[in-house]
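I wanted a notebook page on this two-chain model before going any further with it. Here is what I looked up, entry by entry.

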Amino acid sequence: MKLTKTLLATTALTLASGTAFADGHMASDMTLVSWGGAYQNSQQKAYVEPYLEMNEGVTAVWDESSAEAVAKLRAMNEAGSVTWDVVDVVAADAIRLCDEGLALEIDPEEDLAAAPDGTSAEDDFGDLLVSDCFIPQIVYSTTFGYRTDLVGDTPPTEVCAVFDTETYPGKRSLEKRPINNMEWALLCDGVAKDDVYDVLATEEGQQQALDKLATIKDDVIWWSAGADTPQLLADGEVIMGSTYNGRLFAAIEEQKQPIGMLWDAQVFDLDGWIIPTGLSPEREARARDFIKFATDTQRLADQAKYISYGPARASSAPLVGQHAELGIDMAPHMPTDPDNAQNTFLYNYEFWADYRDDIDAKFQAWLAQ
Amino acid sequence: MAETMLAADGTPLKRSLARALRRQKLRALALIAPLLIFVLITFIVPIASMLFRSVENDIVANTLPYTVEALADWDATGTDLPPEPVFEAMFYDMFLAAEAKRHTRLGTRLNYEQTGISSLFRQSGRRMDDIADISYEPLEDLDKSWDDGETWYALFNARGDIDSDLLDAQRKRIAALTDGDTSADINFAPDAQLSALLPLAAREYTAWAVYVATQNNRDPADRDPWESVAPALVTDLQTADLSRYSGPMADMLRAAQQAALPAPDYAAAFADMDDDWARPQPWQTIQTHSSAYTSGYFLNAVDAQKTPEGVAWQPEEKQILLTLFGRTIWMSLLITFSCIALGYPIAWLLANLPMRQANLLLILVLLPFWTSLLVRTSAWKVMLQQQGVINDVLVWIGFVADDGRLIMINNQFGTIVAMTHILLPFMILPMYSVMQTIPPSYLRAAKSLGATNWTAFWRVYFPQSVPGIGAGSILVFILAIGYYITPEIVGGTKGVFISNRIAYHISSSLNWGLAAALGTILLAAVLVLYWAYDKIVGIDNVKLG
């Protein structure tokens, strides 16, 4: 018994000294997991490079595995060797990782930086803290782009144009999964926005959504990678299609394609960090230190210089400036810009966590018919 | 009488020979040992453990052990709710699981069977404290010392006999729940007298002590137990006979018993938390899927499901997997045959051209083979799409109208074309190496004996090339049946394979049990087809070179 107590006391002491001289007890290398491409680049520029400059001797390695992060983390955890320190995932995945006990719970007061005006991190992020383990970085949206030269004189202004094959004949591209498509179908079948998820929770509602989608089934090319729709639009294969707003921004502003944005009924979703469970204390301390820096107000605002995703902190929004290379104002390209966000939808995490497998099976069976 | 032959050293020759042979075999084994171990560790073991997941289901009984036990006698086919003891067991199981953050994992597992359980578990886990507070707050109001961890420790820690059965059982319970090691010394042992007097409270306190000591490395002696010990104590006190008890806290216990503190009405508390608990469905799901090994994933893999009444088909609108199995096999066969049709003439040319030209041709066959699979698949997209190269050419020469462009991609046609192209070298190479060994003089001999060109080919050349076709077909078919990237990119909705669903369940839905079951079935299908091939054509007839 004595021994246990002595041991406990020493552990407590080590922990206390650990916080006091944090730097001496932090690992000197990190493995960051992200999506690759322009998005990862924006993270590299906006907060990884400044962080490495501030902390000499620390190195960071990228692993472009976010798309399979949940499955890989689960496998690593089962093997007892987690090699990632900070992982970038969408909110739905963060919720699942948290549910599975694969992500650390975060205390916003302690682990995240307060806003410059003193607003606590919890209030600054607000409703976007959708899981105990999730530290949001950006708000992105899944929305529609259309070919300005193929839609005639009356470009579409609302999402139901997708279902209107008479006014806008031609193919459309939609994601090969039920999420978002089912909601849009119900919206355009006369269901009120507030009732969409109540309706979708019933068998009849799911059938109603599939029936609505069936009216355009022959005109749809189903995509599974975010880059598909911009490519299909650029090739003229489709006249409109859904994808992430940042992809459309790149096609319109960077590649100068004749594409217009249809912001109506855009679906907001979040992307952010989680810290895996099972890290050694040194690595965990480094990961926490990095996260605190990388999600502060200025860093999140900086990220918007490189990509058109809205910062997750309310206090970052006024600091959003111009694109680092194109020199255009970024604010009007943000999904959260008031002009763009007149009619929006927030991805319902709770609903899809429950119904995803059920509706996905029905959706895939319907697709195969 | 035969005399045993002796070796030079006097041992019987037979034994001496056997020893020498054994030594040789051991040496040979030692030589291949690195490879054997490598294959075992990196190939056989992971595959076997993955396949094992298709029947493994101990998560339910590990997370909710007492609930599963209490549910055993309940008739799940009726419309009645389970009896009160089930709710009571569920509360303590769930409380502990929520503290260990394991309830959501079980929720995910059961959500594969019944939509909605995932959030039911997640939300209920957060509200377990509310139920505990029904008893905890009055108890604390009655006597402040109940708020102190040392009171509880003094009450339950052994003075005389140790209830080691209880301690072992709780060590096992925590070990099963957390997958962790619980054998360390915990500085606590449940008192046998107390565990007889207050069984539920002693059980929950011991579980807590094992948990904090082994999982959090804390000393239970100076920590406050979880609130769940309070309802357990109050529940016990309703029936406990304290008249002969004279151990520590005797007065406090008597006072608590006399105060008749409220114990939670577990069933009502659960119903209050979420209406779903007042329905039989979640309980049916838990009971139906409570066994440690399940056929449930295999049933799901063939569009069926386990219900309280037995095996039943999935609702029709969810049936997809059998269709996909059929489609995968059918399209793989089609791809194999188109590879034979395209590959045979090329292999024949390769084998019969002079060396120089044959080598050039062989490089042309191999060149795409060295190109990334993704690149080749994407190239087919550019070729086949409606605004693509082929359609543009067809429109340009006036073969099709501009508004009548052919749809050649995002359907089965696209998958077959792209996969035939990608798998063609696997057909050509074994065919070529077999055809090379067929002497051209046989054909000439047949013709000189009066055979027509066709007869000479069909009766003399073709039978000798069959081993090459067999080898190529097996290679192509087995590769095709597991293809995933190409159908995903060019297959659209009707050209996807079963492997696309396996990938979905591995990386998106995390339903690894179902993915493993699908994989096992696929493996079995390949083995059956291999066996059939052996029966019909004969596996000795296969030559890779």
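**Helix α6 of chain B**

I started with α6(B) and found B:Ile117, B:Ser118, B:Ser119, B:Leu120, B:Phe121, B:Arg122, B:Ser124 and B:Gly125 buried. For burial I used C-beta atoms placed from the backbone: 20 or more others within 10 Å makes a residue buried, 12 or fewer exposed, and anything in between partly exposed. Helix α6 of chain B runs over residues 117–126, and eight of its 10 residues are buried, so it is largely enclosed by the rest of the structure. Helices here are DSSP runs of H or I with at least four residues, strands are runs of E with at least two, and both are numbered from the N terminus.

**Ground rules**

Residues are numbered from 1 along each chain as its sequence is written, and chains are lettered from A and ligands numbered from 1 in the order in which they are written.

**Where chain B touches chain A**

I took two residues as in contact if their C-beta atoms, placed from the backbone, lie within 7 Å. On that basis 34 residues of chain B are in contact with 32 residues of chain A. My classes: Ala, Val, Leu, Ile, Met, Phe, Trp, Tyr, Cys and Pro are nonpolar, Asp, Glu, Lys and Arg are charged, and the others, Gly among them, are polar.

**Chain B overall**

Chain B has 26 helices and two strands. Its radius of gyration is 35 Å, well over the 24 Å that the globule rule gives for 545 residues, so chain B is more spread out than a compact globule. I took the radius over C-alpha atoms, and the rule is 2.2 Å times the number of residues to the power 0.38. Along its principal axes, the C-alpha trace spans about 115 × 95 × 40 Å. Of the 545 residues, 39% count as buried. Among contacts in chain B with a separation of 6 or more, 73% are between residues 24 or more positions apart.

Next, the two strands. Strand β1 (residues 304–307) and strand β2 (residues 310–313) of chain B run antiparallel and are joined by four bridges. I count strands as paired if DSSP finds at least two bridges between them. They form a hairpin with two residues between them, and B:Lys306 has B:Val311 in β2(B) as its bridge partner.

I also checked B:Ser164, which is found in helix α9 (residues 164–178) of chain B. Buried or exposed? B:Ser164 counts as exposed, with 12 C-beta neighbours inside 10 Å. From B:Ser164 to B:Asp133 is 31 residues in sequence and 30 Å in space, C-alpha to C-alpha.

**Strand β8 of chain A**

In chain A I followed strand β8 (residues 259–274), which is mostly covered, with 14 of its 16 residues buried. Strand β3 (residues 86–90) of chain A pairs with β8(A) in the antiparallel sense over four bridges, and A:Val89 has A:Gly272 as its partner. Strand β4 (residues 135–147) of chain A is also antiparallel to β8(A), over 11 bridges, with A:Val139 opposite A:Leu270. Strand β10 (residues 344–346) of chain A runs parallel to β8(A), joined by three bridges; there A:Phe345 is the bridge partner of A:Val267.

**Domains and confidence in chain A**

The domain assignment (automatic or from a database) gives domain 1 (2–133 + 275–319) and domain 2 (144–269 + 349–368) of chain A. Their C-alpha centres lie 33 Å apart. I find 10 residues of domain 1 in contact with eight residues of domain 2. On the domain 1 side, α2 (37–54) and α4 (91–99) of chain A give two or more residues, and α4(A) gives the most, with three. That side has nine nonpolar, one polar and no charged residues.

Last, pLDDT, the predictor's confidence in each residue from 0 to 100. The mean for chain A is 89, and 93% of its residues reach 70 or more. Over residues 1–22 of chain A pLDDT stays under 50, and the model has 11 contacts beyond four places in sequence for them. Where pLDDT is low, the predicted coordinates should not be read in detail.

Note on methods:
This is a predicted model: local features need pLDDT of at least 70, side-chain atom pairs count only at pLDDT 80 or more; totals for chains, interfaces and linings use all residues.
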